[in-house]
Amino acid sequence: MTGFETRERQAQSIDEKMDFVAVGPRAIVTQPARTQASVPFRWRLSAAAKRCVESSMRMVSEEAGHGRLVLFSPVFLGAGAATWFLMAADFPATSALLCLLVLVIAVTLCGYERPKLQATLMAVLLFVGGMLSAQIETWRARTVILDSAVTTTVTGRVERREGDGPGRWRYILGVSRTDAPEVKRPPERISVLVRGAKEAFELGAVIEGRARLTPPAGPALPQLYDFAFGAYYDGIGANGFFYGAPKEVASQPVQEGSVGEVVLEWLFRLRSGIGDRIRSVLPGDTGAFAASLVTDERRAISDETTEALRQSGLAHIVAISGLNMALSAGIFYVGLRVILSLFASVAQAWPTKKIAAAGALAAVTAYYLISGFAVSAERAFIMMAIMLIAVFFDRPSISLRNVALSALVILAVSPSEVLGPSFQMSFAATLALVAGYDLWKGRPMRENALAKLPIMKPLFMIGGFFGGIFLTSLIGGFSTALFSIEHFHRLSTYGLPANLAAMPVISFIVMPSGMMAMLLMPFGLDGPLWQITGFGLDLVIKIAKTVSDWGGNIDVGRLPGWYFPTAVFGFLLLTLLKSRLRHAGTAIVAASTLTVALLPGNSAPDVAIAEDGGLVAVVDGEAMASNREKPPSFIFQQWQRALAIEEHQKPIMITDANAPAAPEGKRLKFSPDQLDESREVMIQAVATGPPLRFTCLKGAWCTVSLKNGKQLTVINNAAYLGPACDTADIVVTPVHLRFDRCRSGAMLFTGETLRKTGSVELRFTDKGLQVATAFDTLLRPWMRHRAYDWRSDTFADDRPSPISDSGE
């Protein structure tokens with residue numbers, strides 16, 4: 001029975017039921033048939049719901065028949081890994097392993113006779129497998145993160161290096177020793193900046209110098225990205241800089257590593273050499289841009305150019321991703337095949353298509369090996385490798401299965417990447433483009449008589465090229481917009497025209513000349529070709545700066561926590577499904593976005609406190625007043641984007657001869673008279689200063705009157721703690737104190753309490769003071785360093801210090 005006949009039979013059954021009514025316990029009489037309008041609404045609704053469910057089940061069966069359910073395997077694997085990373089504590093590995101074994105046995109016993117049950121068990125199996133792979137990666141990393149900032153003498157071996165602007169180099173050092181003071185729990189690997197060195201140190205050199213080291217930054221605000229998470233899985237235990245140029249010391253005996261480590265160091269030597277060669281031919285941003293396209297060394301690009309590329313929507317060009325790999329493979333593949341076709345005997349006797357694919361595979365493999373193994377490059381390499389290998393077996397090369405397979409490989413090896421913006425945006429763009437290609441390929445073909453005319457063929461070819469760029473940019477922009485909002489809290493409104501102008505330059509000038517230059521570099525003949533590449537990149541930089549000057553960036557701010565997973569779920573349905581069921585994904589994305597746009601969002605905090613206590617801001621509508629004239633850009637810019645606030649109100653600086661001065665960074669005890677004088681000056685500053693704007697005594701303290709009438713004071717020196725606690729309701733200091741309360745009852749945030757809670761947001765409501773912290777517990781491996789006590793060499797407390805709210 002067809003679906004139409006089934007629905008007709010159901011409708012007839014309803015009508016038959018309506019033809020009879022009971023008029024007594026034994027008597028049944030017939031009544032005239034009722035019209036459709038007289039059928040009770042609940043019956044019609046029930047029938048409609050039933051038809052909807054049946055239609056949905058039919059479409060699910062259709063998706064299974066097309067093999068689309070297999071495409072969701074990386075989704076379940078990634079969801080399991082993300083769940084493990086977002087939990088408050090580690091999930092017991094024994095329980096996960098036992099559950100995995102049970103599921104494997106269940107899937108095996110289920111067989112193919114029960115496909116729905118088997119698919120459900122496989123989904124759960126992949127989810128648990130993702131959790132277990134996250135646990136395994138964490139055990140494998142075992143990164144030691146520095147517990148607190150320290151100035152020490154560091155001796156280490158250069159493992160990697162990267163240019164960081166004129167006269168600056170960023171090094172990854174394998175730490176061998178720390179002195180004066182000796183760090184009790186030193187990180188094994190650190191990232192340090194060197195300024196003023198005449199020449200860069202070679203890989204393998206042992207250098208020594210006085211350095212300032214800090215732990216990787218936590219979330220700038222609660223719910224923002226924790227940079228310590230990424231550093232933990234990258235193996236970086238601290239960031240910092242050398243005071244002056246370090247010196248190279250006598251080589252120390254180094255333990256011979258494995259063959260893999262030796263090969264890896266050789267590859268990084270080669271990568272650094274290629275980057276140096278390119279920058280020697282092309283100086284400035286042009287050379288740094290060219291080097292980033294080959295070796296993925298992006299730090300040398302100036303902040304101005306980087307921001308212009310980001311605001312114009314062209315930042316994806318800098319990262320080695322699918323675009324770079326596809327152009328490289330395509331240029332090599334087409335070029336080699338054209339060359340082989342020039343020899344008739346070769347073209348007739350040998351499979352030139354497969355030979356060209358093998359050459360392109362070798363080219364992209366070499367490209368990946370010198371690219372620094374970034375996630376975007378890894379994903380693009382796996383994708384291109386699968387596509388080119390498919391040519392060997394005469395299989396379709398561009399398919400969603402290739403995308404799913406590459407995602408499975410990356411998530412199995414590095415599941416922590418599932419929470420990173422690079423992985424998410426890279427796969428989102430690829431997934432949307434491949435899904436769009438499938439729809440385009442399956443469209444009904446119509447012959448166009450004009451296209452057959454010789455004079456019209458060039459116009460159609462040009463139109464097809466720019467049309468392809470237009471659609472690619474449009475699809476890529478829309479697919480990554482969701483992730484740009486989540487991670488960067490902004491959208492680029494002019495990305496489409498920027499890509500339309502820049503992509504022809506990249507495709508026809510930059511990538512072909514750059515590839516030829518790389519092939520000729522071993523022979524020293526690459527100089528002229530790099531000049532051509534530089535010309536193209538100069539055009540791209542001009543396009544980026546021109547579009548950036550148009551403005552148009554939209555600061556979105558933080559969105560509710562439910563929006564991102566809901567919208568991602570809808571996006572996956574839209575791109576992975578083939579039947580009309582995919583439109584449910586469109587509805588989910590549209591409904592969730594409309595809900596966020598129409599309903600009021602989360603209220604902005606009244607006060608934001610950085611995790612080191614050195615930066616505090618008061619939020620007032622469209623402005624944010626801070627206690628620093630020049631706040632640290634790394635933190636403050638994240639605050640501005642997350643809160644969608646651009647205006648910065650600088651503090652009002654005062655000089656008062658009656659205020660006792662204490663040298664910054666030193667603790668002095670004031671006499672009773674000096675304490676009284678400090679109290680008077682603070683009270684006077686609040687009384688005369690404008691509300692919701694800091695008034696500061698340079699190097700001493702800053703104070704502000706909040707909108708609820710309370711007073712907040714930030715002190716740089718513990719000597720002012722007494723007067724601050726006596727006059728303010730909230731006191732913040734970066735000094736690490738042994739206590740976390742003021743005797744006056746004022747709320748106190750110190751460097752020690754903030755180290756355990758991370759950044760803090762304060763909101764004043766009718767019910768009192770609401771405090772939101774970046775961390776609720778410190779039980780995860782990338783947070784454990786915050787609970788370490790160097791005095792006792794123990795992890796004294798795995799929970800954040802309690803925050804007193806007695807100030808309210």
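Me: What joins the side chains of Thr-153 and Arg-210?
Reply: A polar contact of 3.0 Å. Keep in mind that this is a predicted model.

Me: OK, and which strand is Thr-153 found in?
Reply: Thr-153 sits in β3, which covers residues 150-163.

Me: Is Thr-153 buried or exposed?
Reply: Buried: its relative accessible area is 18%, and the cut-off for buried is under 20%.

Me: What is Thr-153 in contact with, leaving aside neighbours within four places in sequence?
Reply: There's Arg-177, Thr-178, Asp-179 and Ala-180, plus Glu-208, Gly-209 and Arg-210.

Me: Switching topic, to the open sheet. What order do the 6 strands come in?
Reply: The order is β14-β13-β12-β11-β21-β22, with mixed pairing.

Me: Why is one side of β14 and of β22 left without a neighbour in the sheet?
Reply: Because β14 (647-649) and β22 (768-773) stand at the edges, and each has a single partner strand. As for twist, the average is 25° from one strand to the next.

Me: How do β11 and β21 run, and how many bridges join them?
Reply: Antiparallel, with 3 bridges between β11 (residues 607-609) and β21 (residues 760-765). In one of the pairs, Ala-608 has Glu-761 in β21 as its bridge partner.

Me: Which helix packs on the sheet?
Reply: That's α22, residues 633-643. Helix α22 touches β11, β12 (616-620), β13 (623-626) and β14, and its direction makes about 155° with that of β13.

Methods. Residues numbered from 1 in each chain as written. Predicted model: local features only at pLDDT ≥ 70, side-chain atom pairs only at ≥ 80, totals over all residues. Heavy atoms only, no water. Pairing = 2+ DSSP bridges. Helix = DSSP H or I, 4+ residues; strand = E, 2+ residues; numbered from the N terminus. Axes fitted to C-alpha atoms, helices over the stretch in contact; angles between N-to-C directions. Contact = heavy atoms within 4.5 Å. Buried < 20%, exposed > 50% of the residue type's maximum accessible area, 1.4 Å probe, protein only. Polar contact = N/O pair within 3.5 Å; in protein donor to acceptor, adjacent residues only side chain to side chain.
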